[in-house]
Amino acid sequence: MEILDLDPIIHERVRLGIMSLLLQAGELDFGTLKRELGVTDGNLAQHLRVLEEHGLIEVHKAFVGRRPRTTYTLTPEGRRRLREYLERLSALLRSLKKPGRRTRR
């Protein structure tokens, strides 16, 4: 198992954070994601766009009263790829703990 086996779309810190939060909560709005991840509007919007373009999240737009509200959820494909990513990451970490494996310093 190598680091290159990890999904590059998910592996980026903010995108992994988005997907992890959505897995836990089911659905979150833009403001909550921004606050939880500590990123700017533009930065978050760009990462959400990448995840949406790759079919990993769905965007839901609605109005609450007169205010627009955008929420996000994982797609079935997003759940599958996140599960696969986590399994590969776990395998990578286990391989690093094997006795006799040399690591560079």
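Asp29 touches Arg69, Thr70, Thr71 and Tyr72, leaving aside residues up to four places away in sequence; contact here means heavy atoms within 4.5 Å. The model is predicted: local features need pLDDT of at least 70, side-chain atom pairs count only at pLDDT 80 or more, and totals for chains, interfaces and linings use all residues. Residues are numbered from 1 along each chain as its sequence is written, and side-chain values use heavy atoms, with hydrogens and water left out.

Stay with Asp29. This residue sits in strand 1, residues 28-29. Helices (H or I, at least four residues) and strands (E, at least two) are DSSP runs, numbered from the N terminus. A polar atom of the Asp29 side chain lies 3.2 Å from the backbone nitrogen of Gly31.

Next come the helix pairs. Two packed helices are described by the angle between their axes and the distance between the axes. Axes are lines fitted to C-alpha atoms, for helices over the stretch in contact, and angles run from 0 to 180 degrees between N-to-C directions.

Take helix 3 (residues 30-37) and helix 4 (residues 41-53). Their axes come within 10 Å and cross at roughly 110°. Helix 3 and helix 4 are therefore roughly perpendicular, a label for angles of 65 to 115 degrees. Their crossing is right-handed. A crossing is right-handed if the near helix is turned clockwise from the far one by less than a right angle, and left-handed if anticlockwise. Helix 3 contributes Phe30, Leu33, Lys34 and Leu37 to the contact, and helix 4 contributes Asp41, Leu44, Ala45 and Leu48. By class, the residues of this contact are 6 nonpolar, no polar and 2 charged. Ala, Val, Leu, Ile, Met, Phe, Trp, Tyr, Cys and Pro count as nonpolar, Asp, Glu, Lys and Arg as charged, and the others, Gly among them, as polar.

Now turn to helix 2 (residues 13-25) and helix 5. Their axes come within 11 Å and cross at roughly 110°. Helix 2 and helix 5 are therefore roughly perpendicular to each other. Here the crossing is left-handed. Leu16, Met19, Ser20 and Leu23 of helix 2 meet Gly78, Arg79, Leu82 and Tyr85 of helix 5. This contact has 5 nonpolar, 2 polar and 1 charged residues.

Helix 5 spans residues 76-97 and also holds Leu86. Leu86 is partly exposed, with a relative accessible area of 37%; buried means under 20%, exposed over 50%, and partly exposed in between (1.4 Å probe, protein chains only). Leu86 and Ile10 are 76 residues apart in sequence, yet 9.9 Å apart in space, C-alpha to C-alpha.

Technical notes: Angles under 35 degrees count as roughly parallel, over 145 as roughly antiparallel, 65 to 115 as roughly perpendicular and the rest as oblique. A polar contact is a pair of N or O atoms within 3.5 Å; within protein, one must be able to donate a hydrogen and the other to accept it, and residues adjacent in sequence count only if both atoms are side-chain atoms.
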